[in-house]
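Hello,

Here is the structure we talked about. Please open it first, then read my notes below.

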Amino acid sequence: LIKKERELEYYKELQQKANTESKKEFKRLLESNDFKDEAQLEKVVRELDKSIRKARTKDVGGPEVDEEDDQPTFPLLDIPDEELDEAGLKQKKHQRLMKSNHDARARAKAEKEREKARLAEEERLDQERRENDLEGWLQERRVAREALLQKIKDRQRLKADLSNRKSLASQMRMKSIANLASDAPNSKKRRRGGDEDTFGANDDDWGVYRSITVGNQSEDEEEEDINTSVKNLEAQLLQYDPNFTEQHTLDAQSDWTKSLMHAFLRGPWPFDPESQKEIHQIHLNVERIRVPEVVFQPSIAGLDQAGVVEVASDIVLQRISNADHRSEILKDVFLTGGNTMFQGFEERLRDELRAVLPTESPLIVRRAKDPILDAWRGAAKWSCGPEWRVACVTREEYLEKGADYLKEHNLGNTCQ
(Lines give C-alpha, C1' and ligand atoms only; values in the text may rest on other atoms or scores of the structure.)
Protein backbone atom coordinates (compact mmCIF):
# COMPACT_ATOMS: atom_id res chain seq x y z
CA LEU A 1 0.00 0.00 0.00
CA ILE A 2 2.87 2.36 0.78
CA LYS A 3 4.46 1.56 -2.57
CA LYS A 4 1.22 2.36 -4.38
CA GLU A 5 0.88 5.65 -2.49
CA ARG A 6 4.38 6.68 -3.52
CA GLU A 7 3.66 5.79 -7.15
CA LEU A 8 0.41 7.77 -7.04
CA GLU A 9 2.20 10.81 -5.61
CA TYR A 10 4.88 10.61 -8.30
CA TYR A 11 2.34 10.31 -11.15
CA LYS A 12 0.31 13.23 -9.81
CA GLU A 13 3.43 15.37 -9.79
CA LEU A 14 4.04 14.26 -13.35
CA GLN A 15 0.51 15.37 -14.27
CA GLN A 16 1.13 18.84 -12.80
CA LYS A 17 4.18 19.30 -15.02
CA ALA A 18 1.80 19.43 -18.00
CA ASN A 19 0.98 23.01 -16.93
CA THR A 20 4.58 24.12 -16.28
CA GLU A 21 6.55 22.33 -18.97
CA SER A 22 6.36 22.68 -22.72
CA LYS A 23 4.46 20.11 -24.76
CA LYS A 24 7.66 18.70 -26.19
CA GLU A 25 9.29 18.36 -22.78
CA PHE A 26 6.12 16.89 -21.25
CA LYS A 27 5.87 14.37 -24.05
CA ARG A 28 9.47 13.37 -23.41
CA LEU A 29 8.67 12.87 -19.72
CA LEU A 30 5.68 10.67 -20.61
CA GLU A 31 7.77 8.51 -22.93
CA SER A 32 10.50 8.14 -20.34
CA ASN A 33 7.89 6.77 -17.93
CA ASP A 34 6.47 4.35 -20.55
CA PHE A 35 3.29 6.37 -21.18
CA LYS A 36 1.95 6.75 -24.69
CA ASP A 37 -0.02 9.91 -23.97
CA GLU A 38 -1.61 11.90 -21.18
CA ALA A 39 -4.81 9.81 -21.26
CA GLN A 40 -2.88 6.69 -20.31
CA LEU A 41 -1.26 8.57 -17.43
CA GLU A 42 -4.66 9.74 -16.25
CA LYS A 43 -6.00 6.19 -16.40
CA VAL A 44 -3.10 4.85 -14.30
CA VAL A 45 -3.60 7.62 -11.72
CA ARG A 46 -7.33 6.86 -11.51
CA GLU A 47 -6.77 3.11 -11.09
CA LEU A 48 -4.12 3.60 -8.42
CA ASP A 49 -6.39 5.99 -6.51
CA LYS A 50 -9.25 3.49 -6.57
CA SER A 51 -7.02 0.66 -5.47
CA ILE A 52 -5.63 2.65 -2.55
CA ARG A 53 -9.06 3.83 -1.38
CA LYS A 54 -10.42 0.29 -1.63
CA ALA A 55 -7.51 -1.12 0.39
CA ARG A 56 -7.91 1.51 3.09
CA THR A 57 -11.65 0.90 3.33
CA LYS A 58 -11.07 -2.83 3.66
CA ASP A 59 -8.58 -2.30 6.48
CA VAL A 60 -11.06 -0.30 8.57
CA GLY A 61 -13.94 -2.65 7.77
CA GLY A 62 -16.08 -0.15 5.86
CA PRO A 63 -18.22 -0.75 2.78
CA GLU A 64 -16.43 -1.45 -0.46
CA VAL A 65 -15.91 1.40 -2.84
CA ASP A 66 -17.82 1.22 -6.08
CA GLU A 67 -15.39 1.59 -8.93
CA GLU A 68 -17.95 3.39 -11.03
CA ASP A 69 -18.50 6.17 -8.47
CA ASP A 70 -15.49 8.06 -9.78
CA GLN A 71 -16.77 9.36 -13.08
CA PRO A 72 -14.09 10.06 -15.68
CA THR A 73 -13.97 13.46 -17.34
CA PHE A 74 -13.59 14.25 -21.01
CA PRO A 75 -12.83 18.01 -21.21
CA LEU A 76 -11.71 18.05 -24.84
CA LEU A 77 -15.14 16.98 -26.12
CA ASP A 78 -16.56 20.42 -25.28
CA ILE A 79 -13.82 22.27 -27.20
CA PRO A 80 -14.45 22.87 -30.93
CA ASP A 81 -12.07 21.23 -33.38
CA GLU A 82 -10.94 24.63 -34.73
CA GLU A 83 -9.38 25.51 -31.40
CA LEU A 84 -7.27 22.34 -31.19
CA ASP A 85 -4.04 21.44 -32.89
CA GLU A 86 -3.26 18.03 -34.41
CA ALA A 87 -2.23 16.47 -31.09
CA GLY A 88 -5.34 17.87 -29.44
CA LEU A 89 -7.56 16.41 -32.19
CA LYS A 90 -6.02 12.98 -31.64
CA GLN A 91 -6.52 13.36 -27.90
CA LYS A 92 -10.14 14.43 -28.45
CA LYS A 93 -10.75 11.42 -30.69
CA HIS A 94 -9.30 9.17 -27.99
CA GLN A 95 -11.51 10.77 -25.33
CA ARG A 96 -14.58 10.33 -27.54
CA LEU A 97 -13.79 6.63 -27.80
CA MET A 98 -13.25 6.45 -24.04
CA LYS A 99 -16.59 8.15 -23.43
CA SER A 100 -18.36 5.70 -25.75
CA ASN A 101 -16.86 2.76 -23.85
CA HIS A 102 -17.79 4.35 -20.52
CA ASP A 103 -21.39 4.92 -21.63
CA ALA A 104 -21.64 1.38 -22.92
CA ARG A 105 -20.42 -0.02 -19.59
CA ALA A 106 -22.85 2.21 -17.75
CA ARG A 107 -25.78 0.98 -19.88
CA ALA A 108 -24.70 -2.64 -19.38
CA LYS A 109 -24.45 -2.10 -15.65
CA ALA A 110 -27.88 -0.48 -15.52
CA GLU A 111 -29.35 -3.36 -17.52
CA LYS A 112 -27.67 -5.83 -15.20
CA GLU A 113 -29.12 -4.05 -12.17
CA ARG A 114 -32.61 -4.08 -13.70
CA GLU A 115 -32.29 -7.79 -14.47
CA LYS A 116 -31.07 -8.43 -10.95
CA ALA A 117 -34.02 -6.53 -9.51
CA ARG A 118 -36.44 -8.41 -11.76
CA LEU A 119 -35.05 -11.79 -10.68
CA ALA A 120 -35.20 -10.74 -7.03
CA GLU A 121 -38.85 -9.72 -7.45
CA GLU A 122 -39.67 -13.00 -9.19
CA GLU A 123 -37.95 -14.93 -6.42
CA ARG A 124 -39.91 -12.98 -3.79
CA LEU A 125 -43.24 -13.67 -5.51
CA ASP A 126 -42.30 -17.31 -5.98
CA GLN A 127 -41.46 -17.62 -2.30
CA GLU A 128 -44.79 -16.06 -1.31
CA ARG A 129 -46.66 -18.47 -3.57
CA ARG A 130 -44.73 -21.40 -2.13
CA GLU A 131 -45.48 -20.35 1.45
CA ASN A 132 -49.18 -19.75 0.79
CA ASP A 133 -49.88 -22.80 -1.42
CA LEU A 134 -47.08 -25.35 -1.23
CA GLU A 135 -48.99 -28.17 -2.93
CA GLY A 136 -50.02 -25.98 -5.86
CA TRP A 137 -46.48 -24.67 -6.17
CA LEU A 138 -45.11 -28.23 -6.22
CA GLN A 139 -47.69 -29.28 -8.80
CA GLU A 140 -46.56 -26.46 -11.08
CA ARG A 141 -42.97 -27.67 -10.78
CA ARG A 142 -43.98 -31.25 -11.51
CA VAL A 143 -45.95 -30.24 -14.62
CA ALA A 144 -43.08 -28.05 -15.86
CA ARG A 145 -40.59 -30.87 -15.30
CA GLU A 146 -42.76 -33.41 -17.15
CA ALA A 147 -43.09 -30.99 -20.08
CA LEU A 148 -39.31 -30.57 -20.30
CA LEU A 149 -38.75 -34.33 -20.05
CA GLN A 150 -41.25 -34.86 -22.86
CA LYS A 151 -39.40 -32.28 -24.93
CA ILE A 152 -36.12 -34.14 -24.37
CA LYS A 153 -37.77 -37.40 -25.46
CA ASP A 154 -39.18 -35.72 -28.57
CA ARG A 155 -35.73 -34.41 -29.50
CA GLN A 156 -34.19 -37.84 -29.05
CA ARG A 157 -36.95 -39.43 -31.11
CA LEU A 158 -36.44 -36.83 -33.85
CA LYS A 159 -32.72 -37.52 -33.99
CA ALA A 160 -33.42 -41.23 -34.27
CA ASP A 161 -35.96 -40.60 -37.04
CA LEU A 162 -33.53 -38.43 -38.99
CA SER A 163 -31.01 -41.26 -38.98
CA ASN A 164 -33.62 -43.52 -40.59
CA ARG A 165 -34.06 -42.61 -44.26
CA LYS A 166 -37.54 -44.17 -44.35
CA SER A 167 -38.94 -42.10 -41.49
CA LEU A 168 -41.33 -39.18 -42.02
CA ALA A 169 -38.85 -36.65 -40.58
CA SER A 170 -36.13 -37.79 -42.96
CA GLN A 171 -38.49 -37.65 -45.92
CA MET A 172 -39.57 -34.09 -45.05
CA ARG A 173 -35.91 -33.09 -44.81
CA MET A 174 -35.19 -34.52 -48.25
CA LYS A 175 -38.27 -32.76 -49.61
CA SER A 176 -36.96 -29.40 -48.35
CA ILE A 177 -33.58 -30.07 -49.96
CA ALA A 178 -35.28 -31.02 -53.23
CA ASN A 179 -37.38 -27.83 -53.18
CA LEU A 180 -34.29 -25.69 -52.68
CA ALA A 181 -32.46 -27.47 -55.48
CA SER A 182 -35.37 -27.07 -57.90
CA ASP A 183 -35.57 -23.27 -57.63
CA ALA A 184 -35.23 -22.11 -61.27
CA PRO A 185 -33.08 -18.99 -61.86
CA ASN A 186 -34.70 -15.87 -63.20
CA SER A 187 -34.66 -15.90 -67.04
CA LYS A 188 -34.21 -12.14 -67.26
CA LYS A 189 -30.76 -10.80 -67.78
CA ARG A 190 -29.21 -9.87 -64.47
CA ARG A 191 -26.60 -7.39 -63.69
CA ARG A 192 -23.09 -8.45 -63.12
CA GLY A 193 -22.94 -10.37 -59.85
CA GLY A 194 -26.73 -10.69 -59.71
CA ASP A 195 -26.61 -14.47 -60.17
CA GLU A 196 -24.66 -15.01 -56.96
CA ASP A 197 -26.11 -17.25 -54.26
CA THR A 198 -27.83 -15.01 -51.69
CA PHE A 199 -29.06 -17.84 -49.44
CA GLY A 200 -28.71 -16.73 -45.83
CA ALA A 201 -29.31 -13.05 -46.46
CA ASN A 202 -32.78 -13.29 -44.91
CA ASP A 203 -33.74 -14.69 -41.51
CA ASP A 204 -36.22 -17.06 -43.17
CA ASP A 205 -33.33 -18.77 -44.93
CA TRP A 206 -31.82 -19.74 -41.61
CA GLY A 207 -35.13 -21.24 -40.54
CA VAL A 208 -34.98 -23.44 -43.63
CA TYR A 209 -31.35 -24.31 -42.86
CA ARG A 210 -32.19 -25.40 -39.32
CA SER A 211 -35.16 -27.38 -40.61
CA ILE A 212 -32.87 -29.25 -42.99
CA THR A 213 -30.10 -29.92 -40.51
CA VAL A 214 -31.95 -30.77 -37.30
CA GLY A 215 -35.61 -30.53 -38.15
CA ASN A 216 -37.63 -27.88 -36.33
CA GLN A 217 -35.47 -28.16 -33.24
CA SER A 218 -32.53 -25.99 -32.23
CA GLU A 219 -29.04 -27.26 -31.69
CA ASP A 220 -27.01 -28.20 -28.64
CA GLU A 221 -27.40 -24.83 -26.89
CA GLU A 222 -31.13 -25.26 -26.42
CA GLU A 223 -30.58 -28.83 -25.24
CA GLU A 224 -28.18 -27.58 -22.58
CA ASP A 225 -30.74 -24.95 -21.50
CA ILE A 226 -33.41 -27.64 -21.18
CA ASN A 227 -31.13 -29.84 -19.07
CA THR A 228 -30.27 -26.88 -16.84
CA SER A 229 -33.95 -26.05 -16.36
CA VAL A 230 -34.72 -29.67 -15.49
CA LYS A 231 -31.94 -29.72 -12.89
CA ASN A 232 -33.21 -26.49 -11.33
CA LEU A 233 -36.74 -27.84 -11.05
CA GLU A 234 -35.48 -31.12 -9.61
CA ALA A 235 -33.40 -29.23 -7.02
CA GLN A 236 -36.54 -27.41 -5.86
CA LEU A 237 -38.53 -30.64 -5.73
CA LEU A 238 -35.77 -32.36 -3.75
CA GLN A 239 -35.83 -29.53 -1.25
CA TYR A 240 -39.58 -29.14 -0.73
CA ASP A 241 -41.24 -32.38 -1.99
CA PRO A 242 -40.80 -35.29 0.46
CA ASN A 243 -41.99 -37.78 -2.17
CA PHE A 244 -39.32 -36.74 -4.70
CA THR A 245 -35.94 -38.40 -4.08
CA GLU A 246 -32.62 -38.69 -5.85
CA GLN A 247 -33.83 -41.85 -7.56
CA HIS A 248 -36.49 -39.81 -9.39
CA THR A 249 -34.05 -37.34 -10.93
CA LEU A 250 -33.12 -37.37 -14.60
CA ASP A 251 -29.47 -38.07 -13.84
CA ALA A 252 -30.36 -41.12 -11.75
CA GLN A 253 -32.75 -42.47 -14.38
CA SER A 254 -30.28 -41.94 -17.21
CA ASP A 255 -27.30 -43.24 -15.23
CA TRP A 256 -25.67 -45.86 -17.44
CA THR A 257 -24.25 -47.74 -14.46
CA LYS A 258 -27.82 -48.57 -13.37
CA SER A 259 -29.00 -49.70 -16.78
CA LEU A 260 -29.59 -53.27 -17.92
CA MET A 261 -26.66 -53.03 -20.33
CA HIS A 262 -24.30 -52.12 -17.48
CA ALA A 263 -25.62 -55.03 -15.42
CA PHE A 264 -24.98 -57.34 -18.38
CA LEU A 265 -21.45 -56.04 -19.05
CA ARG A 266 -20.25 -55.20 -15.52
CA GLY A 267 -22.71 -56.85 -13.15
CA PRO A 268 -24.29 -55.13 -10.14
CA TRP A 269 -21.01 -53.55 -9.04
CA PRO A 270 -19.90 -49.98 -9.83
CA PHE A 271 -17.42 -49.53 -12.66
CA ASP A 272 -14.50 -47.11 -12.65
CA PRO A 273 -13.42 -46.34 -16.25
CA GLU A 274 -10.08 -44.99 -14.95
CA SER A 275 -9.16 -48.30 -13.31
CA GLN A 276 -6.94 -50.45 -15.53
CA LYS A 277 -7.86 -53.44 -13.40
CA GLU A 278 -11.60 -53.08 -14.03
CA ILE A 279 -11.15 -52.24 -17.73
CA HIS A 280 -9.44 -55.59 -18.37
CA GLN A 281 -11.89 -57.66 -16.33
CA ILE A 282 -14.33 -59.97 -18.13
CA HIS A 283 -17.72 -60.22 -16.46
CA LEU A 284 -19.41 -63.56 -17.12
CA ASN A 285 -23.20 -63.74 -17.30
CA VAL A 286 -24.82 -66.60 -19.20
CA GLU A 287 -21.32 -67.91 -19.94
CA ARG A 288 -21.12 -69.19 -16.36
CA ILE A 289 -24.10 -71.42 -17.12
CA ARG A 290 -23.17 -72.34 -20.69
CA VAL A 291 -19.67 -73.63 -19.80
CA PRO A 292 -20.82 -76.62 -17.68
CA GLU A 293 -23.91 -77.00 -19.88
CA VAL A 294 -21.62 -78.13 -22.71
CA VAL A 295 -21.23 -81.46 -20.87
CA PHE A 296 -24.97 -82.07 -21.23
CA GLN A 297 -25.49 -80.25 -24.57
CA PRO A 298 -22.28 -80.23 -26.67
CA SER A 299 -24.24 -78.71 -29.57
CA ILE A 300 -24.20 -75.23 -27.96
CA ALA A 301 -20.40 -75.27 -28.34
CA GLY A 302 -20.62 -76.40 -31.97
CA LEU A 303 -19.88 -80.09 -31.28
CA ASP A 304 -21.96 -82.73 -33.04
CA GLN A 305 -21.88 -85.17 -30.13
CA ALA A 306 -24.22 -86.66 -27.58
CA GLY A 307 -24.35 -85.36 -24.02
CA VAL A 308 -23.32 -87.32 -20.93
CA VAL A 309 -26.91 -88.27 -20.06
CA GLU A 310 -27.65 -89.46 -23.59
CA VAL A 311 -24.44 -91.53 -23.68
CA ALA A 312 -25.12 -93.07 -20.25
CA SER A 313 -28.74 -93.95 -21.07
CA ASP A 314 -27.67 -95.52 -24.37
CA ILE A 315 -25.09 -97.69 -22.62
CA VAL A 316 -27.43 -98.77 -19.85
CA LEU A 317 -30.58 -99.34 -21.92
CA GLN A 318 -29.24 -100.41 -25.32
CA ARG A 319 -25.85 -102.03 -24.75
CA ILE A 320 -26.64 -103.97 -21.54
CA SER A 321 -29.43 -106.42 -22.20
CA ASN A 322 -29.24 -108.27 -18.87
CA ALA A 323 -31.63 -106.65 -16.39
CA ASP A 324 -29.62 -107.83 -13.37
CA HIS A 325 -26.39 -106.34 -14.74
CA ARG A 326 -28.25 -103.10 -15.50
CA SER A 327 -29.56 -102.89 -11.93
CA GLU A 328 -26.10 -103.50 -10.48
CA ILE A 329 -24.65 -100.67 -12.56
CA LEU A 330 -27.44 -98.23 -11.68
CA LYS A 331 -27.03 -98.94 -7.98
CA ASP A 332 -23.57 -97.35 -8.06
CA VAL A 333 -23.15 -94.58 -10.61
CA PHE A 334 -19.75 -93.16 -9.64
CA LEU A 335 -18.81 -89.60 -10.63
CA THR A 336 -15.19 -88.48 -10.89
CA GLY A 337 -13.27 -85.85 -12.77
CA GLY A 338 -13.08 -82.07 -12.44
CA ASN A 339 -16.29 -81.42 -14.41
CA THR A 340 -18.36 -83.19 -11.75
CA MET A 341 -17.46 -80.42 -9.26
CA PHE A 342 -19.78 -77.92 -10.94
CA GLN A 343 -22.53 -76.85 -8.58
CA GLY A 344 -25.63 -79.05 -9.04
CA PHE A 345 -23.90 -81.49 -11.40
CA GLU A 346 -24.76 -84.58 -9.30
CA GLU A 347 -28.44 -83.56 -8.91
CA ARG A 348 -28.75 -82.69 -12.59
CA LEU A 349 -27.36 -86.04 -13.72
CA ARG A 350 -29.56 -87.97 -11.26
CA ASP A 351 -32.75 -86.14 -12.35
CA GLU A 352 -32.13 -86.53 -16.07
CA LEU A 353 -31.14 -90.20 -15.77
CA ARG A 354 -34.26 -90.88 -13.71
CA ALA A 355 -36.35 -89.32 -16.50
CA VAL A 356 -35.09 -91.79 -19.15
CA LEU A 357 -34.90 -94.96 -17.04
CA PRO A 358 -37.80 -97.31 -16.37
CA THR A 359 -39.82 -96.49 -13.30
CA GLU A 360 -38.79 -99.59 -11.31
CA SER A 361 -35.05 -99.14 -12.00
CA PRO A 362 -32.87 -98.33 -8.94
CA LEU A 363 -30.54 -95.37 -9.17
CA ILE A 364 -27.81 -94.29 -6.77
CA VAL A 365 -25.37 -91.54 -7.80
CA ARG A 366 -22.31 -90.71 -5.72
CA ARG A 367 -19.28 -88.52 -6.24
CA ALA A 368 -15.65 -89.22 -5.43
CA LYS A 369 -14.07 -87.60 -2.41
CA ASP A 370 -11.41 -85.98 -4.63
CA PRO A 371 -12.84 -85.92 -8.17
CA ILE A 372 -9.76 -84.23 -9.60
CA LEU A 373 -7.07 -86.68 -8.41
CA ASP A 374 -8.98 -89.90 -7.66
CA ALA A 375 -8.82 -91.09 -11.28
CA TRP A 376 -5.06 -90.49 -11.38
CA ARG A 377 -4.53 -92.25 -8.04
CA GLY A 378 -6.54 -95.28 -9.23
CA ALA A 379 -4.57 -95.50 -12.47
CA ALA A 380 -1.28 -95.14 -10.59
CA LYS A 381 -2.27 -97.89 -8.16
CA TRP A 382 -3.37 -100.18 -10.98
CA SER A 383 -0.16 -99.60 -12.94
CA CYS A 384 1.89 -100.79 -9.97
CA GLY A 385 0.26 -104.24 -10.04
CA PRO A 386 0.67 -107.15 -12.46
CA GLU A 387 -2.67 -106.60 -14.21
CA TRP A 388 -1.51 -103.68 -16.30
CA ARG A 389 0.98 -105.84 -18.21
CA VAL A 390 -1.87 -107.99 -19.49
CA ALA A 391 -4.16 -105.04 -20.29
CA CYS A 392 -1.62 -102.70 -21.81
CA VAL A 393 -1.23 -102.34 -25.58
CA THR A 394 2.28 -102.81 -26.99
CA ARG A 395 3.74 -100.63 -29.70
CA GLU A 396 3.45 -103.42 -32.25
CA GLU A 397 -0.24 -103.94 -31.38
CA TYR A 398 -0.91 -100.22 -31.58
CA LEU A 399 0.73 -99.93 -35.02
CA GLU A 400 -1.08 -103.04 -36.27
CA LYS A 401 -4.58 -102.58 -34.82
CA GLY A 402 -4.83 -98.79 -34.36
CA ALA A 403 -5.77 -96.45 -31.53
CA ASP A 404 -9.26 -97.96 -31.10
CA TYR A 405 -7.90 -101.32 -29.98
CA LEU A 406 -8.43 -101.96 -26.23
CA LYS A 407 -7.92 -104.86 -23.88
CA GLU A 408 -10.07 -105.77 -20.91
CA HIS A 409 -8.68 -107.83 -18.03
CA ASN A 410 -11.39 -109.91 -16.37
CA LEU A 411 -10.73 -112.58 -13.72
CA GLY A 412 -7.32 -113.39 -15.02
CA ASN A 413 -8.54 -113.78 -18.62
CA THR A 414 -7.74 -111.44 -21.47
CA CYS A 415 -10.44 -110.70 -24.00
CA GLN A 416 -10.67 -108.27 -26.87
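A helix here is a DSSP run of H or I that is at least four residues long, and helices are numbered from the N terminus. By that rule, leucine 265 sits in helix H10, residues 260–266. Keep in mind that this is a predicted model.

**The whole chain**

The chain has 18 helices and four strands. Of its 416 residues, 20% count as buried. The accessible surface is about 32,200 Å². Carbon and sulfur atoms account for 51% of that surface. Now take the contacts between residues at least 6 apart in sequence: 49% of them join residues at least 24 apart.

Is leucine 265 buried, exposed or partly exposed? Its relative accessible area is 39%.

**Proline 371**

Now go to the loop between strand S2 (365–367) and helix H16 (374–383); proline 371 lies there. Its relative accessibility is 5%. Buried means under 20%, so proline 371 counts as buried. Which residues does proline 371 touch, leaving aside its neighbours within four places in sequence? They are Thr336, Gly337, Gly338, Thr340 and Met341. Asparagine 339 is 32 residues from proline 371 in sequence. In space, the two are 8.4 Å apart, C-alpha to C-alpha.

**Empty space**

Rolling a probe the size of a water molecule over the atoms shows where empty space is left.

Start with the cavity. A search of the whole structure finds one cavity of 30 Å³ or more. The largest cavity holds about 100 Å³ of space. Its lining includes Ala39, Glu42, Phe74, His94 and Met98. Helix H3 (38–60) and helix H4 (86–132) each give at least two residues to that lining.

Then look at the largest pocket. Its volume is about 810 Å³. Helix H1 (2–20), helix H2 (23–32), H3 and H4 each give two or more residues to its lining. How many residues line the largest pocket? There are 24, and Lys23, Glu38, Ala87, Gly88 and Gln91 lie nearest its centre. H2 supplies the largest share of the lining, six residues. Gln91 is also one of the residues that line the largest cavity.

Best wishes

Technical notes:
Residues numbered from 1 in each chain as written. Predicted model: local features only at pLDDT ≥ 70, side-chain atom pairs only at ≥ 80, totals over all residues. Heavy atoms only, no water. Buried < 20%, exposed > 50% of the residue type's maximum accessible area, 1.4 Å probe, protein only. Contact = heavy atoms within 4.5 Å. 1 Å grid on protein atoms, 1.4 Å probe; cavity = no way out; pocket = protein on both sides within 12 Å on 5 of 7 lines; lining within 4 Å. Points joined across faces, edges and corners; volume = space filled by probe spheres on them. Areas by Shrake-Rupley, 256 points an atom, 1.4 Å probe, with all protein chains shown as cover.
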